[in-house]
Amino acid sequence: MTEQAAPAARKTANEVFESLTGFDEFAIIEAFGQSIAHLAQHNETGFMRALLFVDLTRAGKSKHDARAEAMAM
């Protein structure tokens, strides 16, 4: 019997937001066409998708795949 590694614990939205770097913010603008601040004030769903996008790219997904997965949720 082979052991499977436990899935990595996901960060909360607040943890991802608090850890954003300038590189993450620029990637969000490229992927979503708006800054994270604009999304937070005017598009709550888009804001959450942007945070998921960052989390997925940090986990190793390409920006293209991370955006597609975030948009599918």
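Asp55 counts as buried, at 13% relative accessibility. Here buried means under 20% relative accessible area, exposed means over 50%, and partly exposed lies in between (1.4 Å probe, protein chains only). Asp55 sits in helix H4. Beyond its neighbours within four places in sequence, Asp55 is in contact with Arg10 and Val16; contact means heavy atoms within 4.5 Å.

The model is predicted: local features need pLDDT of at least 70, side-chain atom pairs count only at pLDDT 80 or more, and totals for chains, interfaces and linings use all residues. Residues are numbered from 1 along each chain as its sequence is written, and side-chain values use heavy atoms, with hydrogens and water left out.

The protein contains five helices and zero strands. Helices (H or I, at least four residues) and strands (E, at least two) are DSSP runs, numbered from the N terminus. The order of elements from the N terminus is α-α-α-α-α. Of the 73 residues, 27% count as buried. Among contacts with a separation of 6 or more, 44% come from residues 24 or more positions apart.

Two packed helices are described by the angle between their axes and the distance between the axes. The H4 and H5 crossing is right-handed. A crossing is right-handed if the near helix is turned clockwise from the far one by less than a right angle, and left-handed if anticlockwise. On the H4 side, the contact involves Arg49, Leu52, Phe53, Leu56 and Thr57. These meet Lys63, Ala66, Arg67, Glu69, Ala70 and Met71 in H5. By class, the contact of H4 with H5 holds six nonpolar, one polar and four charged residues. Ala, Val, Leu, Ile, Met, Phe, Trp, Tyr, Cys and Pro count as nonpolar, Asp, Glu, Lys and Arg as charged, and the others, Gly among them, as polar.

Ala27, Glu30, Ala31 and Phe32 of H2 make the contact with Lys63, Arg67 and Met71 of H5. The classes in the contact of H2 with H5 are four nonpolar, no polar and three charged.

Side chains of opposite charge can pair when their charged atoms come close. The whole structure has three salt bridges, each a side-chain nitrogen of Lys or Arg within 4 Å of a carboxyl oxygen of Asp or Glu. Asp24 pairs with Arg58, the closest N and O atoms being 2.4 Å apart. This pair links distant parts of the chain, with Asp24 in H2 (residues 22-32) and Arg58 in H4, 34 residues apart. Asp24 is buried at 12% relative accessibility, whereas Arg58 is partly exposed at 37%.

Lys63 and Glu30 form a salt bridge at 3.8 Å, N to O. Lys63 lies in H5 and Glu30 in H2, 33 residues apart. Lys63 is partly exposed at 48% relative accessibility. Glu69 and Lys61 form a salt bridge at 2.7 Å, N to O. Glu69 is partly exposed at 27%, and Lys61 is partly exposed at 38%.
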